[in-house]
Amino acid sequence: MSQFDRSGGVAPDGERADRIEGADPAAAPRTESRIPPAEVFAVLGNETRVETLHALLDLGGDESPVSFSELFERVDATDSANFSYHLDQLTGHFVRRRDDGYEFRAPGRKVVSAIFTGTLTERAQLGFFPADGSCHACGGDLHAWYVDDTLSIGCVDCGAIQVSYPFPAGALDGRSTDDLLDAFHHYVRHHYCLAADGVCPECAGTVETDLVRTPDEADQAVAVEHACRRCSYDLRSTVGLLLLDDADVLRFHADRGVDLSSAPFWTFDWCVSDAATTVVSEEPLRVRVTVACGGDEMRVGVDETGTVVETDGPEFDAV
């Protein structure tokens, strides 16, 4: 479960949002300028320009403007005219020119973050290490591992996977394995909660959520699909992951001494398995998730759009 799949990309160059199927014309973006994807790589494919972005970061260009002379002194350019040419290529989309200097625009800051934190340039591996919780399938011990930019947590006995999700290699720097798992929990939880709220974790575009039947997957009868209409970011999960930020589910756990926002989500069987998910109706598809905590249970009804439509449990029955 919990696999991330980015199967597409941005809309074809020149295609407006109001021509994308299902888009709301009233919400069409007002684009100031646009760089074709191939041109982005061409702009950044130069050592002087990458060095300029690095210098802008070192000199605090994400907080206040940096002067031309300060940047030029930091960059190994042949002369000021040559440097000015390369800086001009960055200005507009990646860098903003002010009266008192240059500063990052959001895309430039993101490029710097990706390059100089190792997201695009580093590969790392980390062998098996223990993880909190027990296997939802057999109750065995859990271990985590990091390979191919993905952190996975699974059972050493039966091989069942609790979660597997892309995670930047920079997250491994300076962290113990416990700290790494804590960071992973918050990172993945944040992504799923954003997607459930209709916000793309990748581009902040509009995400549509649907419940889907998955008869071809032996371990998952019903899944949640999140799809961004803007960048084709796709995210699939169990139904339980939709409930991580639900107010009633949070309160149910808090009343029993469990902080659902900080406890590793993969330690809750209802969250990483659909064994606690029951199909209530097929047309439209609607399910009920039985959430257990502290010897009590609550039941949460979810409709075909991933919206919680009903909740009951011990304290709700008493009202």
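**Ground rules.** Residues are numbered from 1 along each chain as its sequence is written, and side-chain values use heavy atoms, without hydrogens or water. Because the model is predicted, local features need pLDDT of at least 70 and side-chain atom pairs count only at pLDDT 80 or more, while totals for chains, interfaces and linings use all residues.

**Whole chain.** Colour by secondary structure. The chain has nine helices and 14 strands; these are DSSP runs (helices H or I, at least four residues; strands E, at least two), numbered from the N terminus. Of its 319 residues, 38% count as buried. Buried means under 20% relative accessible area, exposed over 50%, partly exposed in between (1.4 Å probe, protein chains only).

**Largest nonpolar core.** Select Ile153, Trp266 and Trp270. Of the 57 residues in this core, these three touch the most other members. A nonpolar core is a set of buried Ala, Val, Leu, Ile, Met, Phe, Trp, Tyr and Cys residues joined through side-chain atoms within 4.5 Å. Helix H6 (residues 177-196) gives the most to this core, with eight residues. Apart from it lies another core, of 18 residues, including Leu53 and Phe94.

**Helix H4.** Select residues 80-90. Phe83, His86, Leu87 and Leu90 are the buried residues here. They cover an arc of only 100° around the axis, so they sit on the same side of H4. The arc is that of the directions from the helix axis to the C-beta atoms. At the start of H4, a side-chain oxygen of Asp79 comes within 3.1 Å of the backbone nitrogen of Ala81. After H4 comes Gly92, with a positive phi near 120°.

**Salt bridges.** The whole structure holds 14 of them. The criterion is a side-chain nitrogen of Lys or Arg within 4 Å of a carboxyl oxygen of Asp or Glu.

- Select Asp62 and Arg109. Their closest N and O atoms are 3.1 Å apart. Asp62 lies in the loop between helix H2 (47-58) and helix H3 (68-74) and Arg109 in helix H5 (residues 106-116), so the pair ties together parts 47 residues apart in sequence.
- Select Arg236 and Glu225. Their closest N and O atoms are 2.2 Å apart. Arg236 is in strand E10 (residues 233-237) and Glu225 in strand E9 (residues 222-228), so this pair ties together parts eleven residues apart in sequence.
- Select Arg96, Arg98 and Glu103. They are linked in a network of salt bridges. Glu103 and Arg96 meet at 3.3 Å, N to O. Glu103 is buried at 13% relative accessible area, whereas Arg96 is partly exposed at 28%.

Key:
Polar contact = N/O pair within 3.5 Å; in protein donor to acceptor, adjacent residues only side chain to side chain.
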